[in-house]
Amino acid sequence: MKKSFVGLLLLTFVVGAAQNIIPIPNDVKLGNGKLSVEMIKSLRLSNDSLRNESAFLGEYFDFSADGGNTISLLIDKSIDNVQGYSLTVDNRGVTIKASTRQGIFYGIQTLIQLIDDKEIPFIEICDKPRLEYRALMLDPARHFLSAEDVKRYIDAIARYKYNYLHLHLSDDQGWRVEIKKYPRLTEVGSVRADTEGDGVPHRGYYTQEQLRDIVAFAAQRHIEIIPEIDIPGHSVAAIAAYAELTCRDTIIPVRSEIGVSLDLLCAGNEKVFEMYGDIFEEICEIFPSKLIHLGGDEAPLTHWGQCPKCQALKKEKGYTDDQELMSYFFGRINQTLLRHNRTALFWYEVDVPDYPRNAIMYTWRNGLTPRVIEECREKGYRVICAPGEFAYFDYPEVKSDITAKSSSWIPALPFEKVYQFDPCYGLSEEKSSHIIGVEATVWGEYVPDLETAFFRTFPRAFALAEAGWSKMSRREWNDFLLRTKRELEHLKSRKINFRQPQQ
Ligand SMILES: [Zn+2]
């Protein structure tokens with residue numbers, strides 16, 4: 001009787017400890033015993049450069065006294081994955097080893113999730129991500145989010161080992177980044193008269209100084225900011241500011257409605273490439289990321305087909321299809337990025353005949369991902385998986401979450417469905433080696449503020465974090481739900497909004 005009681009206690013301990021970490025680590029060995037947080041009194045760093053990372057321990061541990069147990073943060077070049085880490089907790093203290101500061105940061109995130117009622121279980125963890133790129137996307141173009149809001153969002157997602165935040169900075173409904181050479185982009189392009197006829201003007205943009213501050217804040221949390229300037233479609237806000245950019249010589253306002261506009265940047269106008277060359281020069285100065293997103297999606301060819309300048313270019317180049325103008329357009333803008341040693345990212349469209357050789361593709365359209373993965377493998381492009389059916393976080397978890405009249409088209413994306421997402425689609429390692437990451441997109445049409453962005457993000461971002469980080473063999477829905485429950489308590493304590501999972 002006594003023996004089975006002890007067994008029950010041990011079992012409780014094993015399950016309890018496994019509940020604590022999202023995304024679940026790939027290799028965990030539990031020991032017998034616990035370390036008291038209050039007994040941890042000293043901190044040892046192998047390198048002074050780890051002060052940035054160790055600062056994230058300050059909220060949980062008091063290192064002001066002498067003696068007691070130690071947390072050691074050690075750069076160890078023998079750990080082969082640049083984002084990987086090892087974490088050991090035993091009666092001597094805590095040791096986190098990694099070959100980079102980023103790996104140390106992830107070890108720290110795991111450690112602070114392990115704290116349970118002022119104790120940390122004895123444990124040995126050896127961990128590394130399944131995919132190198134794990135991102136969320138915000139869309140301040142549709143509804144502006146202040147710089148402080150963006151920083152709050154970054155702070156919330158860093159705990160789950162996301163390493164990129166993609167900012168969709170321009171669209172038909174708004175231009176959100178200060179470009180010093182073209183002030184009308186923000187003077188005119190950052191303001192729209194109303195949203196879907198609500199009669200309320202909407203405005204906002206980030207100064208370059210604010211964006212540099214966001215970049216630095218994110219970098220402290222090992223998150224890289226990827227800027228997106230969408231071309232040649234989704235560009236009405238820029239065209240409203242500089243009408244000469246489009247095929248039609250007509251002044252149009254910043255778009256108030258959702259949906260796709262026929263107004264594109266003109267492919268046959270050298271002024272477009274001159275101006276966008278300058279714009280991307282400034283973008284590259286603001287954002288140190290090697291990755292710059294060029295959008296490239298949903299660009300109807302109607303106006304290019306009717307435009308004398310576009311058609312003259314088509315003839316001059318010997319093109320037989322207007323889609324070849326799209327490849328030409330991307331190639332021209334890509335030249336500017338190459339001068340700055342940057343890589344172009346695109347929302348992949350199956351109709352576009354060619355993308356720049358070095359570019360990275362996002363698969364996003366509902367149902368097309370298996371085809372896009374295969375096409376990109378054949379063509380030699382790296383792929384980031386952001387498929388609508390698993391990773392469009394603007395879709396509500398249940399339909400009734402969004403009541404706007406124009407939203408009848410929008411499908412629901414339940415929490416459990418996101419958890420089912422395998423970004424490599426069950427493919428062999430050979431057939432999926434070009435898949436480098438996952439991204440969930442919080443498109444902004446029905447996300448008017450940060451509270452709503454958080455409501456759409458959590459807890460589904462827990463599921464996506466695990467899809468990007470953890471091996472499929474480590475992932476199990478019921479176990480994940482238990483861990484989710486605890487993390488929701490964390491969000492509550494930070495006053496971060498989330499949607500209660502459906503029972
Ligand atoms: Zn044109």
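Me: Which spacing do the donors of the zinc ion follow along the chain?
Reply: In this predicted model, the zinc ion is coordinated by the SG atoms of Cys247, Cys266, Cys307 and Cys310. Read along the chain, these donors of the zinc ion follow the spacing C-x18-C-x40-C-x2-C.

Me: How many residues apart are Cys247 and Cys310, and where does each lie?
Reply: Cys247 belongs to the loop between helix 7 (236–241) and helix 8 (270–286). Cys310 is placed in helix 10, which spans residues 308–317. The pair links distant parts of the chain, and its separation is 63 residues.

Me: Is Cys247 buried or exposed?
Reply: A residue counts as buried under 20% relative accessible area. Cys310, at 0% relative accessibility, is buried. The relative accessible area of Cys247 is 16%, so Cys247 is also buried.

Me: With which side chain does the side chain of Glu487 make a polar contact?
Reply: Glu487 is located in helix 18, residues 477–493. Its relative accessible area is 1%, so Glu487 is buried. Leaving aside neighbours within four places in sequence, Glu487 is in contact with Asn20, Ile22, Gln113, Arg159, Tyr160 and Phe462. The polar contact, at 2.8 Å, is made with the side chain of Arg159.

Conventions: Residues are numbered from 1 along each chain as its sequence is written. This is a predicted model: local features need pLDDT of at least 70, side-chain atom pairs count only at pLDDT 80 or more; totals for chains, interfaces and linings use all residues. Side-chain values use heavy atoms; hydrogens and water are left out. Donors are N, O and S atoms within 2.8 Å of the metal (3.2 Å for Na, K and Ca); water is not among the atoms, so sites may look incomplete. Helices (H or I, at least four residues) and strands (E, at least two) are DSSP runs, numbered from the N terminus. Buried means under 20% relative accessible area, exposed over 50%, partly exposed in between (1.4 Å probe, protein chains only). A polar contact is a pair of N or O atoms within 3.5 Å; within protein, one must be able to donate a hydrogen and the other to accept it, and residues adjacent in sequence count only if both atoms are side-chain atoms. Contact means heavy atoms within 4.5 Å.
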